[in-house]
Amino acid sequence: MYKFVDDLNEHQRAAVTASPNGVVLVLAGPGTGKTKVITARVAYLLLHHKLPPQDVVVATFTKKAANEMVERLAVLLQPYPEIDAKKLLIGTFHSICVRILRKYGGLVGLNTGFKIADETDAKQLIKKVLRAMAESGFDVSLKDSDVKKYRAYISACKNKAQLPDQVPLSKKAGDVSTKLEAYTLYQEELLRNNVIDFDDCLLLVHKLLAHHPSCMGRVKHVLVDEFQDTNKVQLELVYQLSGFNENFKHNVTAVGDPDQSIYAFRNAEAENFYRMEDYYREKGVAVSKVALTQNYRSTSNILTLAEHLMNKQFARREQKYLHAHKKDDIPVQMIACATNKAEASRIAATIKQVVKPNGKQYSDIAILLRSGFLSRVIEQELIHANLPYEVVHGRSFWERREIRLVMDYLRAVASDMDWLGYSRCLDFQVSGLGAKSLLLIEERFSAQRAQNQPGNVYEILESIVRDGMKGITAKARAGIGEFVALIKKARELLLSDATEQEQLEKMFDYIVQHSRVVSVVNEERMDRKGDTQEEIEANLNELKNQLISFNLQEEDLLQDAYAEEDEVEVIDLSFDLTVSTSLEKLAQFLDSVYLYEETKGAEKTVSKVTITTVHGSKGLEWPIVFVPSLCEGIFPSQHATNDVGDTTKNEAALDEERRCMYVAVTRAKEQLYLSYFKETLGFGFGDPIKRKSRFLNLPKGLVKVADTSVVSTPNLLSSFQQNIKLNMGPLALGSGFQTASRLTGVSRLPDGAVKISKPRKKRLGMGRPLRFTKK
């Protein structure tokens, strides 16, 4: 037996050594060693069952998970140099599908040089479509909120494996028919611009394999991590990828936990775990189920609480019997507070208590929120308590203006065909080039595409600089000339005799310097009191580091392995990326950014408390976790508690909230603090009087209860009622001064007070602290 198998516990070993033939469903609760099991399973299939690496597909949901698996496999397989793990087709669903489309995209009408549209691209195209529809008589709005609704509708259709002509006829009436028209036109715009969006990565491979299954005909085993987060099209892809090879048909290993399925808003379906089981059993395929029961993360009290929560779920669920490996028996704390501000103050005080005497670091602590806006009052109290913290915001790094701008310049360097990237660069850099002028250039590009040509924006711009163009002013023409020269020089730097790293560094620095991104964005931020120039430069340096450290993938893995399917030759007149590995690396890096959901910011060396949402905490763990704001209408959210007149939908929404709560409490390794408040001071909470969350209706003895509301200042405890009764503004907390801001709910001066100072404090974010004294 192999050492990595000997190191497993009984249930882990059963999952890893299960037969490669048929389906293995691994129910892996939190902290049970899920990643260790799926990694060992891959190694076991390669070593013991001699499966060729290039015939094994391993799908994950994040880049981080894929990288971690690759690193662990390298360690496990180090004693076996004959196994080349680099040939595994491993990555996120989206990255795997893009690699397939790069090879076989011509079979579904794609040009080989297609690009991946980011959210900015998608919304830009949807707004263009809606504008055209409005001009044609459709009753549509161009508001950002409406664009977002159309984007969500299109994404939902694609995640259900529905192209426009596949949306059920019964759903094409009324408002849906307008959305369907937008979906149809949006797809045409994507094709016209030679781009695919995030959802198309999966949908087009689904279409490809439906008509040309032999493209992936050598697949012998498919493994999926975090299977509970799959949507319908991903489930269908698992069926397709594993369903063509007659000698190795329906060989699947799926690892996950339906209780941790919290991405319904992204169209994930927790029921997929059970649907797949039913699907294969109906086909007569052997299905083995293994439950991992040893938890190596949390204490028994936390696990007992978590299981109690999930036993209240409406939907189908299998009972878990998790056993804590840890012997600690620290009680879970439940704290009742008078107000949200009192709750935040209590959290800050508790953090001080646990850090000082117990030797804990601030980085050992996390505050997990149901919604991001809840962080504001907590941040204020942490600042007042002088506690270091950082707010983790998901994709916000890529959404920063300086990052988006430089990414557009990099897209222009990497491709002649990327009109969306070029258009935003031109709009940013070229003075005198208005919307009408940009439309003239776009029409020339669209005319090329209409003639079945790839379209070449770079050559169009060169011709405008050389020969001029009706409707383009001399000033704009000169600006276009400067932009073309910038792109040309950047490409020359990538073709220089320097090393690959030097080529990329010089190219990146040249773009930043000559595009004036830093100075322009800095001026914009100064108006809004945003990041300093140093912070903007630090963000761009992080982007440069990520580009330089990006690992070039071997795109020829599919070349020989899947030669059965005839390829369709498609003319690609785009800039030749093969002349330089730096150019190829740049193109792959740009693709990768839009294929992964989490971000990497600059490395933090100072120990800080983490504030993040429950969704942002998925897959992470901390010794000490706070879950605040456990009030009806907040957690569970108002969306879930509102009666929509459909029992099934109501129950599904509440189940999703319960799974979010389950994820939150199981992030804690040692200490867990649950808290709620009875009244809100501030904004964004709806009714200021709150009730304790139904998730805190727990049996006696399951948690240790502390009620701090009785010791609160009387005026603070009942301020809302007193304000109504006395018909006056919020009461001063004491006779000397009062903190006033949107965070604390004070909207005007109390009677008998005058404002004597109005200092700004950047770190407080929204609101301004004011000091008042009596006349």
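Hi everyone, let's start with a pair of helices: α20 and α21 run roughly antiparallel to each other, a label used for angles over 145 degrees, while angles under 35 count as roughly parallel, 65 to 115 as roughly perpendicular and the rest as oblique. Before I go on, this is a predicted model, in which local features need pLDDT of at least 70 and side-chain atom pairs count only at pLDDT 80 or more, while totals for chains, interfaces and linings use all residues. Residues are numbered from 1 along each chain as its sequence is written, and side-chain values use heavy atoms, with hydrogens and water left out.

Back to our pair. Helix α20 covers residues 474-494 and helix α21 covers residues 500-515; their axes come within 8 Å and cross at roughly 165°. The axes are lines fitted to C-alpha atoms, for helices over the stretch in contact, with angles from 0 to 180 degrees between N-to-C directions.

Who makes the contact (heavy atoms within 4.5 Å)? From α20 we have L486, K489, A490, L493 and L494, and from α21 we have Q503, L504, K506, M507, Y510, I511, H514 and S515. These residues of the α20 and α21 contact divide into eight nonpolar, three polar and two charged. Here Ala, Val, Leu, Ile, Met, Phe, Trp, Tyr, Cys and Pro count as nonpolar, Asp, Glu, Lys and Arg as charged, and the others, Gly among them, as polar.

Now let's zoom out. The protein chain has 29 helices and 19 strands; these are DSSP runs, H or I of at least four residues for helices and E of at least two for strands, numbered from the N terminus. Of the 775 residues in the chain, 54% are buried. Buried means under 20% relative accessible area, exposed over 50% and partly exposed in between, with a 1.4 Å probe and protein chains only. If you take contacts between residues at least 6 apart in sequence, 78% of them join residues at least 24 apart.

The axes of α5 (residues 93-104) and α9 (residues 200-211) come within 8 Å and cross at roughly 55°, so α5 is oblique to α9. In this case α5 passes α9 in a left-handed crossing. On the α5 side the contact uses F93, H94, C97, V98, I100, L101 and Y104, and on the α9 side D200, C201, L202, L204, V205 and L208. In the contact of α5 with α9, eleven residues are nonpolar, one is polar and one is charged.

On to the backbone. Most residues other than glycine have a negative phi, and most peptide bonds are trans. K50 is not a glycine, yet its phi is positive, about 55°. You'll find K50 in the loop between α3 (34-47) and β2 (56-60). H250 is not a glycine either, and its phi is positive at about 60°; its loop joins α10 (232-241) and β7 (252-256). Are these two buried or exposed? K50 is exposed, with a relative accessible area of 64%, whereas H250 is buried, at 12%.

There is also a cis peptide bond, between F635 and P636, with omega about 15°. P636 sits in the loop between β15 (622-627) and α26 (638-641).

S617 lies in the loop between β14 (609-613) and β15, and with a relative accessible area of 0% S617 is buried. Not counting residues up to four places away in sequence, S617 touches L368, T612, W622, V663 and R667.

Finally, R401 belongs to helix α16 (residues 401-414) and is partly exposed, at 29% relative accessibility. Which residues does R401 contact, leaving aside neighbours within four places in sequence? F428, V521, E524 and R525. R401 and R525 are 124 residues apart in sequence, and their C-alpha atoms are 9.8 Å apart in space.

Terms used
A crossing is left-handed if the near helix is turned anticlockwise from the far one by less than a right angle, and right-handed if clockwise. Contact means heavy atoms within 4.5 Å.
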